[in-house]
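Here's a quick briefing to read with the model open.

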Amino acid sequence: MTSAPVPTPDAGLRARTRVLTPRAEPLAALPGPTNVLAWTRAGDGVVGWGEVARFEPAGPGRFAAADAWWREFVGGVEVRDEVGLPGTGPLAFVSMAFADEPGRSVVVVPRVVVGRRGDTTWVTEFDPHEPAAPVQPVRRPSVPRYAEGELSVSDYRAAVSEAVARMRAGAADKVVLAHDLTAHTDEPVDQRFLLHNLAARYPGCWTFAVDGLVGATPELLLRRGADLVTSRVLAGTTWPRAGASGDELAAELLASRKDRAEHEYAVRSLAEALRPFCAELSVPDEPHVLRLPNVLHLASDVSGRVREDASLLRLAEAVHPTAAVGGTPTADALRLITELERMDRGRYAGPVGWVDARGDGELGIALRCAEVDGAAVRLFAGCGIVADSDPDREVEEAAAKLRPIRDAMEG
Ligand SMILES: C=C(O[C@@H]1C=C(C(=O)O)C=C[C@H]1O)C(=O)O
């Protein structure tokens, strides 16, 4: 794997997309255990490896900086796209820090991308081609040893209690608080092992890996394709328990005033931030229930027609952080997060996904994920807190949200 500085346009970069036969599963094409790039759902999506260029913006201007850098980069690429589908041509994988400070965001342009959409599989390669890397077998990690993270479970419970007290006193309407957990294995984790397990168990989620952040998120922050923008907003959660059927849990969730309020804040924050960019915006009146193996969520699919010439990254700048991962009002909630969470979220709960040369692409919210750094792994989960939240239930909810990545590590 190589890492290169931004090439100047006259460096003569060329990228070619061509059809690959036979039809293949992108995740199976990943040749090595690290430097893995992926965004797939139910067998479709894109994976990448090798590195033509990378950019690491930080601070409140990180989205604008990433957007400008990427435009300049693709402006200097001679593109030959023989497929012409969303995701073909040169693309960059993106993973943005949750917070303005501290935080490191990453934009990576892979040398090779393999993608699939329905019956079409393609490869995009930059010149000069690397010799085809032999696919190394996927390695199962040793049984992980878990330890408390920067915010222990008991401190998380205390932070939730404090947030409830503050919100009863009017400090905010909703705040999303998260905590972390660490895991260690004997040898560096093969990120593909996590991806394969997540994709198999959560086919309705977007399975992703960008610069060591690996997960399967059920929440689509934004997809932009031509002038159409869509989003799947989630907030309001329950989880399976003995004696309750899926239908009963779903009915309870739809009837829960607390969960409906949490959900309403999240939908409103997304819609209000997106509306100035849209000629039309369609927001469902009622949420539906998204059922996953570990949790059930209230979900709303929002869609609109973009009026302005705003790229996916600029739209993401406008909507991040939604109340699904920040809170309401945003500024008050972010202050509470800094004060009560007392940990660096890194890229957890930030936008993650890919962008193409047209400024289109897909960005999810990086949830149900972990930062993999060799044999050290940091897992994250959070919950929306409102004035009538019960701290014990929020601790349980966070544990349910850690399940996907824990199970993926444990195989
Ligand atoms: C913050 C997380 O999830 C978010 C919070 C939810 C909630 O509080 O009900 C539901 C889905 C996500 O928007 C997480 O998984 O870490």
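Helices (H or I, at least four residues) and strands (E, at least two) are DSSP runs, numbered from the N terminus. This is a predicted model, where local features need pLDDT of at least 70, side-chain atom pairs count only at pLDDT 80 or more, and totals for chains, interfaces and linings use all residues. Residue numbers start from 1 along each chain as its sequence is written.

**Helix α8**
- Just after α8, Arg342 takes a positive phi of about 55°.
- Ala333, Leu336, Ile337, Leu340 and Glu341 in α8 are buried (20 or more other C-beta atoms within 10 Å of their own, with C-beta atoms placed from the backbone).
- Those residues cover an arc of only 105° around the axis (taken from the directions from the helix axis to the C-beta atoms), so they sit on the same side of α8.
- On the other side of α8, Ala331 and Thr338 are exposed (12 or fewer such atoms).
- The buried residues of α8 pack against α3 (153–168), β11 and β19 (327–328), with contact meaning C-beta atoms within 7 Å.

**Domain record**
- UniProt lists residues 154–401 as "domain: Chorismate-utilising enzyme C-terminal" in an unreviewed entry; such annotations may be inferred rather than shown by experiment.
- Over residues 154–401, the chain is 34% helix and 35% strand, with end C-alpha atoms 17 Å apart.

How values were computed: Contact = placed C-beta atoms within 7 Å.
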